Amino acid sequence: MKPKFGVVVFPGSNCDHDAYYVTKKILDCETEFLWHKDTDLKNCDVIILPGGFSYGDYLRTGAIARFSPIMESVINFANKGGTVLGICNGFQILTEANLLPGTLIKNSSTKFICKDIFVKVANHETVLTKNVSKNILEIPIAHGDGNYFIDEKGLHSLKENNQIIFQYCSDNGEISDKYNPNGSAENIAGIMNKSGNVFGMMPHPERCSDSTLMKSDGFLLFNTLIQNIIK
Amino acid sequence: MYKATIIIKRRKSILDPQGKAVEQGSKLLKIDDISEVRIGKFIELNIDTSSREKANEELDKLCNKLLANLNIEDYSFTLEEIK
């Protein structure tokens, strides 16, 4: 049986309906919106923290959303092994909630960047990437604070535990400063926690999951997720 | 009642793109002797606690958990007694 998805809606979320559209209409999975003031996760199997500007990005991105009532339930859910995917602002919230290490700071260029980029799948042994046949995915980014920062010790730990999932690269997989859009450490575009059940990524797979848009590499990720998270 | 003045600074080792942008802006003004610009946060608030110790304790909690991200920032604050 396919997993049930929950898409959290914070004030200022703006990719919540895109995520809902993909899981409900494209993947044909039962999906519920989860309001930030609620605490009930409605028996969802996968929780998505969508992109946007929760609480206007006031103070720091994700800093206030992290204390929403729903986040207490999401943190408990994640700590019990539940699958959580944070996309863009969702990734920022997950780092603020200490469910993922590191911090997303301003892009090194100081500019908001909105464009299609390439990421290399650095770890194929996760529920999000296991059955993805491609090594390089083309996915859009849209962020002002996507510069992934982590201290040396943390970076060493990420590498040692294979927690880096996506790295910005060229169309043929070259990973270098030239293909790093925002200044992220080691070109990091996405990571997971040590247990492999909490994922954060800056690129937006939900914006490239419908084949009518001509680009659908995001679908590969969602599709592998539903194959690996079986109810 | 106390008035707290809180300053949050980005750690020296962390890139500060906003500071860099301001530094570049200063050059557009033909002010060429500016360097090491760092942008932080300045927060004022009132706190009504029974003692200074209690105020310190609550402000530490507030800064640690909400106002500052200790991965990238340091904070400091001063307290002034008000009526």
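In the predicted model, A:D28 is placed in the loop of chain A that runs between helix 1 (16–26) and strand 2 (31–35). Although A:D28 is not a glycine, its phi is positive, at about 60°. A:C88 belongs to the loop between strand 4 (83–87) and helix 3 (89–96) of chain A.

The largest nonpolar core comprises 69 residues, and the members that touch the most other members are A:V8, A:I47, A:I48, A:V84, A:V119 and A:I165. For A:V119, when residues up to four places away in sequence are left out of the count, the contacts are with A:L137, A:I139, A:F166, A:Q167, A:Y168, A:C169, A:A189 and A:P203. Another core, of six residues, lies apart from the largest one, and its members include B:C63, B:L67, B:A68 and B:Y75.

In chain B, three strands form an open sheet in the order 2-1-3, with antiparallel pairing. Strand 2 (41–47) and strand 3 (73–81) of chain B stand at the edges of this sheet, and each has a single partner strand, so that one side of each is left without a neighbour in the sheet. From one strand to the next, the twist averages 20°. The antiparallel pairing of strand 1 (residues 2–10) with strand 3 of chain B extends over nine bridges, and B:A4 has B:L79, in strand 3 of chain B, as its bridge partner. Helix 2 of chain B lies across strand 1, strand 2 and strand 3 of that chain, and its direction makes an angle of about 35° with strand 1 of chain B.

The contact between the two chains draws 12 residues from chain A and 10 residues from chain B. On the side of chain B that touches chain A, the elements that give two or more residues are helix 1 (17–28) and helix 2 (52–67) of chain B. Of the elements on this side, helix 1 of chain B gives the most, with three residues. Sorted by class, the side of chain B that touches chain A consists of seven nonpolar and three polar residues, with no charged residues.

Methods: Residues are numbered from 1 along each chain as its sequence is written. Chains are lettered from A and ligands numbered from 1 in the order in which they are written. This is a predicted model: local features need pLDDT of at least 70, side-chain atom pairs count only at pLDDT 80 or more; totals for chains, interfaces and linings use all residues. A nonpolar core is a set of buried Ala, Val, Leu, Ile, Met, Phe, Trp, Tyr and Cys residues joined through C-beta atoms within 7 Å. A residue is buried if 20 or more other C-beta atoms lie within 10 Å of its own, exposed if 12 or fewer, and partly exposed in between; C-beta atoms are placed from the backbone. Two residues are in contact if their C-beta atoms, placed from the backbone, lie within 7 Å. Helices (H or I, at least four residues) and strands (E, at least two) are DSSP runs, numbered from the N terminus. Ala, Val, Leu, Ile, Met, Phe, Trp, Tyr, Cys and Pro count as nonpolar, Asp, Glu, Lys and Arg as charged, and the others, Gly among them, as polar. Two strands pair if DSSP finds at least two bridges between them. Axes are lines fitted to C-alpha atoms, for helices over the stretch in contact, and angles run from 0 to 180 degrees between N-to-C directions.
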